[in-house]
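Thank you all for coming. I would like to take a few minutes to walk through some side-chain contacts, and then turn to one helix.

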Amino acid sequence: MSEINNLSLKVFAEILRSGSFEAAAKKLHITPSAVSQRIKQLEEQLGQLLIVRGIPSRPTDVGKKLFRHAQQIQSVEDDFFNELNQNTNYKISVAVNMDSMDGWFFDAITESANLGIILNLKVEDQQFTESLLREGKVMAAVSTNSRTIQGCSTEFLGTMHYTAYASVLFCKQFFSQGDRVKSLIASPAICFNEKDGLQHTFVKLVAGGDIEPVTMFIPSNAAYVEAILRGLGWGMLPDFISERLLRQEKIVKLFPGTSIAVNLYWIRWNTKLPSLDKLSECVRNAAQKHLKVE
């Protein structure tokens, strides 16, 4: 197979970034027909449909792999020209879960910024960040999955512990007497969003059965914690948040000694990029400082 034309690859990637053939044409300062011709030639060369036409245009499964390849090539070029022009700023897209970003990962953000690395952060539940990596939308991700992704390396970072907490008022209302497990099942739980399964997992852990708790969705970390403090429901909190609130006697641990351990992994492209290597070291440093290794 002949080599992929670099301009065709850039046109392909720009369509997916911009969302349409017309938008890509404007961004690249070429005609829409030239864009269509480039994609047609690329699809004929590879013998595969690469883009599902529409608004927005979407990549096929093969297109997702090609887009990741295009992103890697662009990153290598960016690193080269940054060094050539002595530009110390590097842009890296990273997927990270909200709890990590609000907690331990912020040290990595700060350290990398001091090295001239600008992060484009995409917030996603830690169980789903790797999908952004597979699609080439990010170069690295914090994930709970340790399985190997083609073209990427995986490194264990450490463990975050989550435990069920509620306000003092909420405990008096729902847990002052009777079976605490039944009270947990009957009382409202606060979840971050539909992807947040920690509460369900915790109920299953203490109740010994697959029971879905009554849930309220609050997709904001600050509002999530505030809802617990106001007695709107019980919720799962990581150690870095709960320790401070416990010292202030604002919350109560519902089941002392019972927690959920969430292992976190750093998954990144295998591509040799100095900026990505530096970022990985920053992430490693932050994880060693804040996460537990078990």
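Let me begin with Trp104, which is buried, with a relative accessible area of 3%, and please keep in mind throughout that what you see here is a predicted model. Phe105 is buried as well, and its relative accessible area comes out at 0%.

Now to the aromatic rings, for which a search of the whole structure returns 7 pairs. In the pair made by Trp104 and Phe105, the ring centres are 5.4 Å apart and the planes meet at 85°, and because planes over 60 degrees apart count as edge-to-face, that is how this pair is classed. A further aromatic pair, that of Phe170 and Phe175, is tilted, with 6.3 Å from centre to centre and 45° between the planes, and both Phe170 and Phe175 are buried.

Finally, the helix I promised is α11, which spans residues 221-229, and in which the buried residues are Asn221, Tyr224, Val225, Ala227 and Ile228. Where do they sit around the axis of α11? They cover an arc of only 155°, and therefore they lie on the same side of the helix. After α11 comes Gly231, whose phi is positive, near 80°.

How values were computed: Residues numbered from 1 in each chain as written. Predicted model: local features only at pLDDT ≥ 70, side-chain atom pairs only at ≥ 80, totals over all residues. Heavy atoms only, no water. Phe/Tyr/Trp six-rings, centres within 6.5 Å; stacked < 30°, edge-to-face > 60°. Buried < 20%, exposed > 50% of the residue type's maximum accessible area, 1.4 Å probe, protein only. Helix = DSSP H or I, 4+ residues; strand = E, 2+ residues; numbered from the N terminus. Arc of directions from axis to C-beta.
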